[in-house]
Amino acid sequence: MITLETELTKLGRIGAAVGKKLKKLGVLTVEDLLFYFPFRYDDFSKIYKISELQSGITANIVGQIELIQNKRSPRRRMNITEALVRDESDTIKIVWFNQPFIARVLKVGDFVSLSGKIEEDYSGFSMISPNYEKTSPPPPLLIRRGVPSENEARRGTLVHTQGLVPNYHLTGNLTHKQIRYLIKQTISTANNIIDWLPQEIKKENNLLDLPDAITKIHFPKDQEDIAKARERLAFDELFLLQLRSQITRRNVLQYVSTTIKFKEKETKQFVDNLPFKLTNAQKKAAWEILKDLEKNKPMSRLLEGDVGSGKTVVAAIAMLNVALNGYQAVLMAPTEILAKQHYESIKNLFSRFDIKIGLITSSDKRLSRNVERTIQNEKEKINSKFIINNSQIIIGTHALIQENIKFKNLSLAIIDEQHRFGVEQRKTLLVGTGHCPVPTSPHLLSMTATPIPRSLALALYGDLDVSIINEMPAGRKKIHTQIVPENKREAAYQFIREQIKNGRQIFVICPLIDISDKLGVKSVKEEFEKLDKLIFPEIKMGMLHGKLKSAEKEEIMKEFGENKIKILVSTSVVEVGVDVPNAAIMMIEGADRFGLAQLHQFRGRVGRSEHQSYCFLFTDNRAENTMKRLQALTNCYDGFQLAKIDLKFRGPGEVYGTAQAGFPELKIASLFDYELMKKAQANAIKLIEKDSTLNSWPNLKEKINETNNLFHLE
Ligand code: ADP
Ligand code: MG
């Protein structure tokens, strides 16, 4: 007997052959197969009379074979099978190529159902390489109308040529026909699929039962079946996603965290001493965070703000309060350059306070203030443990997670450029790899400049509260952005010389590090050589890329930060976070090689002060799409709009980096279906509120545990 667990390879001859190929797609059992959904349907719900056929259409006909024979094509050595098929209206020629066996399968006098494309040549219409199925002589009425209920009657007999015929993603020489055949053999087991979705949710949202949805997704009788089946199956995916987020949230709330009292006087002092006035959006975000910190439940908050909106100082206010309360805060950055920059700027920001700040990256460890000097003498002592034990604010890279560090009394963890870390990493930090004795957990603040559409935010950050900085610091000028044609390159260089004379600094970005023979894509090394020797021999320049030693990188960033280096030629290592307010020109070579969001990030490296700033885009690629994309950048300064435009040109994986951003893998739901996502979230919240143990719904609980290895429900 066939059950859901039966392996496909055990299903007879076809199962054995096809099962092997399906294995490559991760489809092993009958159940896997039933959850292998079609991505599209051919609509053969109308049965045409042969006399109704027209050139160019794809259609289904039913008739009787009058003649069938194999031929060799004289010129190309090809086998051609030709047949003549008649229905009550007319006859038509059928042609297949290189499938001589068909002449053995189909015999004169057989009734067949055929679906395929109609073409016209000098001899009239013919149907080319159609799918075929034998059928019994149909009652004339049935042929004539082909309305759904009748198609339903046929379901189970004809699966390849009539009705809505599903198309599956294939691999190797797997065919639709083979998959459909196997599904037809096994579809009755769909009735045994456990429907884990609580009855009340199905009812309230008017969703199909799971066995019904599975049956209909493979064998729909009409478009409505497809829509209803898809709705249920897509809801399932998003609902599980949202339920998991809600469980994470619940779990986090089971932890206790330290209460951080708002140090009003010191905070005011800190803010008053800043070289600028905080924007209202910054104040509001800081306030939301401070409110969270005062609770004894862990904060889970996302701070979202476009490049240059000033997230760092908001984070600093939070860290200041934590340190003044006698606890530790950690700030993690995706790159070493950025970690060091944060270390330097936080050190400066807190220079009036007696707060020790540590830096931990895999290649560098430091501690600020008086301790720094002491340590210089006994270098061997500067290990992570020493720093952790002696500082209140710790800044670092991923190394902080990887080294499995035991903090002394960690109370706040901040992740800068959150999208550069995976979602899983965020959770690791959250529940701690033993950082803190259960049941305490640090407060968590994620920061990102990635403008993501609402539905994506829900999918990725469904477990987080969100603060948004939707306002740029006052006095920022629009960064003049233009695509520079090759014949204006000299003029651009001249402009750069003038800017440097006025005291400004320049970034030059190239897509590659090393000289490449690939289509002349600019490399940092080559461009540096050229600019340094030929174009700007009188100007001090620096070169930055990922292959440099950490000390070298730092030396260069330091000199650039101190305005000793005037022109910095770099790869994308400076893409995120780097803050050198005196830089006023961002020149990007091979701009077509970068995504819009990325270009927007590069551009965000300039225009960080009152100086008028510029972004010059160079490209050899004049393809229409490329130009359109780059032009979008010259017209638009809003990261959110740009991301939207980018999404149109390239998929979300390309735009946001699927794997690292932790995008959930969805088979049938769309990450952009905001309405359904929202509905799934509302249902998940409601359910968790009713019974957070999920014990009322054992099937659902099992389903969640099966797909959820991070948090296990007790
Ligand atoms: P991002 O949000 O991209 O991380 P940063 O925190 O690096 O932005 O801030 C960008 C620049 O703006 C920094 O040089 C910072 O000192 C400055 N800045 C931050 N807030 C303000 C403000 N309210 N007014 C003026 N400049 C500000
Ligand atoms: Mg930043």
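**View 1. The shell around ligand 1 by residue class.** In this predicted model, the shell around ligand 1 is made up of five nonpolar, six polar and six charged residues, where Ala, Val, Leu, Ile, Met, Phe, Trp, Tyr, Cys and Pro count as nonpolar, Asp, Glu, Lys and Arg as charged, and the others, Gly among them, as polar. The ligand is surrounded by 17 residues, of which K277, G308, T312, R476 and D579 are the closest; a residue is near a molecule if one of its heavy atoms lies within 4 Å of it. Domain 2 (264-469) and domain 3 (480-636) both contribute residues to this shell, so ligand 1 lies between them, the domain bounds being taken from an automatic or database domain assignment.

**View 2. N and O atoms facing ligand 1.** A nitrogen atom of ligand 1 lies 2.7 Å from a backbone N or O atom of K277. On the side-chain part, an N or O atom of R476 is 2.7 Å from an oxygen atom of ligand 1, and an N or O atom in the side chain of R608 is 2.9 Å from an oxygen atom of the ligand. Of the 560 Å² of accessible area that ligand 1 has on its own, the protein covers 87%, as computed by the Shrake-Rupley method with a 1.4 Å probe.

View 3. Strand β10 (residues 328-332) is mostly covered, with five of its five residues buried, that is, under 20% relative accessible area (1.4 Å probe, protein chains only); strands are DSSP runs of E with at least two residues, numbered from the N terminus. Q328, V330 and M332 point one way from β10, whereas A329 and L331 point the other way. In a regular strand, side chains alternate between the two faces of the sheet. β10 runs parallel to strand β14 (residues 410-415), to which five bridges join it, and L331 has I414 as its bridge partner there. With strand β13 (residues 393-396), β10 pairs in the parallel sense over four bridges, and M332 stands opposite G396; pairing requires that DSSP find at least two bridges between two strands.

**View 4. V574 in a loop.** V574, which lies in the loop between β20 (567-570) and β21 (583-588), is buried, with a relative accessible area of 0%. Its C-alpha atom is separated by 8.7 Å from that of H545, 29 residues apart along the chain.

**Conventions.** Residues are numbered from 1 along each chain as its sequence is written, while chains are lettered from A and ligands numbered from 1 in the order in which they are written. Local features need pLDDT of at least 70 and side-chain atom pairs count only at pLDDT 80 or more, whereas totals for chains, interfaces and linings use all residues, and side-chain values use heavy atoms, with hydrogens and water left out.

Note on methods: Buried means under 20% relative accessible area, exposed over 50%, partly exposed in between (1.4 Å probe, protein chains only). A polar contact is a pair of N or O atoms within 3.5 Å; within protein, one must be able to donate a hydrogen and the other to accept it, and residues adjacent in sequence count only if both atoms are side-chain atoms.
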